[in-house]
Amino acid sequence: MAESWGMVIDLDKCTGCQACVVACQSENNIPINDEGLFNQRRAIEWIRIERYWEGEFPDVKARFIPILCQHCADAPCEPVCPVFATYHNNEGLNVQVYNRCIGTRFCANGCPYHVRFFNFWEPEWPDSLKNQLNPDVTVRSRGIMEKCTFCVQRIRRTGRKAAQAGIDKSDAELERGLNPACVNACPTQTLEFGDMIDVLTAVKEGTRLPDEPKSKAGAKVKKELEEDGGRGYRLREQLGTNPSVVYLRKVDEHRKEVITHG
Amino acid sequence: MIPGDFQYKKPPAKQMLLMAIMGILGLGGFIVTALVLVFVMTAWFGQPVIFGNDDGPDQPIAYPHTIHAGTQPGQLGLDCTFCHRNVTKGAAATIPAVGLCLTCHKTVGDGNDEIEKLRAIAEAGDAIPWVRVHRVPDHVHFVHEAHISFFSERDGILPSAVCSTCHGDVASMTQVSQVKPLKMSDCVDCHRDNGAPTDCTTCHY
């Protein structure tokens, strides 16, 4: 297992439709967030769409950024855990081990992206929804921290399928099974998932990017980082967290025109 | 007062305070020690290695694995996978539907009380309310298929020969009971011995 799973998010394609949010909630047994929870700032959303308004009326633009756990290589949440419930594994995943977690919430305070969520209550579903729970994902009880796992249950399932078929789990044939729920649900292919160990290591160490990245997502990152005016960036890179999620800037021709005129 | 009579002299305030503190501390220490002892004792005696596993739960139908899976003369010697069909395909080994029992027991076993129970359940269209014997906690994801295929491929044995590694010799049990504690150390030890990954996300996700 020498992978480093990563994601590319092309903000130029994101329409803010929230399909990824819904897919994530249903795949990962996330309890239902109602108005009261949002008002208390205790809603749980492993992936969320942040909306920003840009400009003055009438030239107003809505900007959308899907934000999920960045699976940082140097994650600020990991060293603060007193019980090693969160750690970095050899697949580049920032792992949250539910049965180790004692709920100190230090990690949520350390996270600069606000992607870790605490279960303040025992999760509850209406009876009609109990049969839609995913048996492959633990239902987190009260008092523990949870966050995006890059759908590790899907990675595991794909790994078993790949072992049965005798192929690599990054094989194009298994792509749908390997992709996290949000990636599969995205109607505009904003999100792309893949093994980006070569690209991410090169970015982290400041060496030359590989000639032929292992995955499609890696190739996309390489293209956007190397080209002049490439759109690649990572969230809060100045903090030195080395995220595994790469964002691509939105291109807005109309907006440029307005700026030059005004 | 008669001279020489015992008279209780009130100790000075400082001594009273000291006595009170010592009393409270002593009581607190006693409670803490008792609690620690309770925890240690329950953990120690909760381990099946000391008293062994119990006989397993009573099932609604006294299904004898001996007659079906045993290989002695007069026993059928069925393969485990004949009934637990999903064990080589998916996470759960699965218990067969009542219909599978009836393929034989429509005609076999007239007059046997247990088989009459089975037929009554099948007629009512219900599932047999078996009591689960082996259960790992919710935060553990055990996949039968991966383990069965690994061992049967490596050792060149039948899939059904792998089951006894964790479940013991079920074919000789009239009432199925758990033979291994199935604690995390059992899993991790076996994973280490066989070069399987020991990363937390192998099982916990």
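Biologist: Which side chains meet in a salt bridge with an N to O distance of 2.8 Å?

Modeller: The general idea is that side chains of opposite charge can pair when their charged atoms come close. In this predicted model, R140(A) and E146(A) form such a salt bridge, with 2.8 Å from N to O. R140(A) is buried, and E146(A) is buried as well.

Biologist: What is the burial state of each partner in the salt bridge of R63(A) and E54(A)?

Modeller: The closest N and O atoms of R63(A) and E54(A) are 3.2 Å apart. R63(A) has a relative accessible area of 12% and is therefore buried, since the cut-off for that class is under 20%. E54(A), at 32% relative accessibility, counts as partly exposed.

Biologist: Where do R119(B) and E116(B) lie?

Modeller: Both residues belong to helix 6 of chain B, residues 113–124, and they are three residues apart, about one turn of the helix. R119(B) counts as buried at 17% relative accessibility, whereas E116(B) is partly exposed at 36%. Elsewhere, salt bridges with shared partners join D10(A), E192(A), K220(A), K223(A), E224(A) and R231(A) into one network. Over all chains, the structure holds 24 salt bridges.

Biologist: Let us turn to strands. How many bridges join strand 2 of chain A to strand 3 of chain A?

Modeller: In general, strands of a sheet pair through backbone hydrogen bonds, either parallel or antiparallel. Here, strand 2 (residues 48–54) and strand 3 (residues 61–67) of chain A run antiparallel and are joined by seven bridges. Within this pairing, E50(A) has I65(A) in strand 3 of chain A as its bridge partner. Six residues lie between the strands of this hairpin, and G55(A) takes a positive phi near 90° there.

Biologist: In what order do the four strands of the open sheet in chain A stand?

Modeller: The order is 8-1-10-9, and the pairing is mixed. Strand 8 and strand 9 (232–233) of chain A are the edge strands, each pairing on one side only. Strand 1 (residues 5–10) of chain A runs antiparallel to strand 8 of chain A, and five bridges join the two. One position in that pairing is I9(A), which stands opposite L191(A) in strand 8 of chain A.

Biologist: Why is strand 8 of chain A described as largely enclosed by the rest of the structure?

Modeller: Strand 8 of chain A spans residues 191–195, and four of its five residues are buried, so the rest of the structure largely encloses it.

Biologist: What surrounds R154(A) beyond its neighbours within four places in sequence?

Modeller: R154(A) is found in helix 4 of chain A, residues 152–165, and is buried with a relative accessible area of 12%. Its contacts beyond those neighbours include E27(A), R176(A), G177(A), L178(A) and N184(A). R154(A) and R176(A) are 22 residues apart along the chain, with 9.5 Å between their C-alpha atoms.

Biologist: How many helices and strands does chain B have?

Modeller: Chain B has nine helices and zero strands. Along the principal axes, the C-alpha atoms of chain B fill a box of roughly 105 × 50 × 35 Å. Buried residues make up 23% of the 205 residues in chain B. As an example of a separation in space, G28(B) and G156(B) are 61 Å apart, C-alpha to C-alpha, and 128 residues apart in sequence.

Biologist: Which residues make the nonpolar surface patch of about 590 Å²?

Modeller: The patch is made by L27(B), F30(B), I31(B), L35(B) and F39(B). L35(B) lies in helix 1 of chain B, residues 13–45, and counts as partly exposed at 47% relative accessibility. G28(B) is also found in helix 1 of chain B and is partly exposed, with a relative accessible area of 31%. For chain B, the accessible surface comes to about 14300 Å², and 65% of it belongs to carbon and sulfur atoms.

Conventions. Residues numbered from 1 in each chain as written. Chains lettered and ligands numbered in written order. Predicted model: local features only at pLDDT ≥ 70, side-chain atom pairs only at ≥ 80, totals over all residues. Heavy atoms only, no water. Pairing = 2+ DSSP bridges. Buried < 20%, exposed > 50% of the residue type's maximum accessible area, 1.4 Å probe, protein only. Patch = residues over 30% accessible without salt bridge, like charges linked within 9 Å, V, L, I, M, F, W, Y side chains within 5 Å. Areas by Shrake-Rupley, 256 points an atom, 1.4 Å probe, with all protein chains shown as cover. Salt bridge = Lys/Arg side-chain N within 4 Å of Asp/Glu carboxyl O. Contact = heavy atoms within 4.5 Å.
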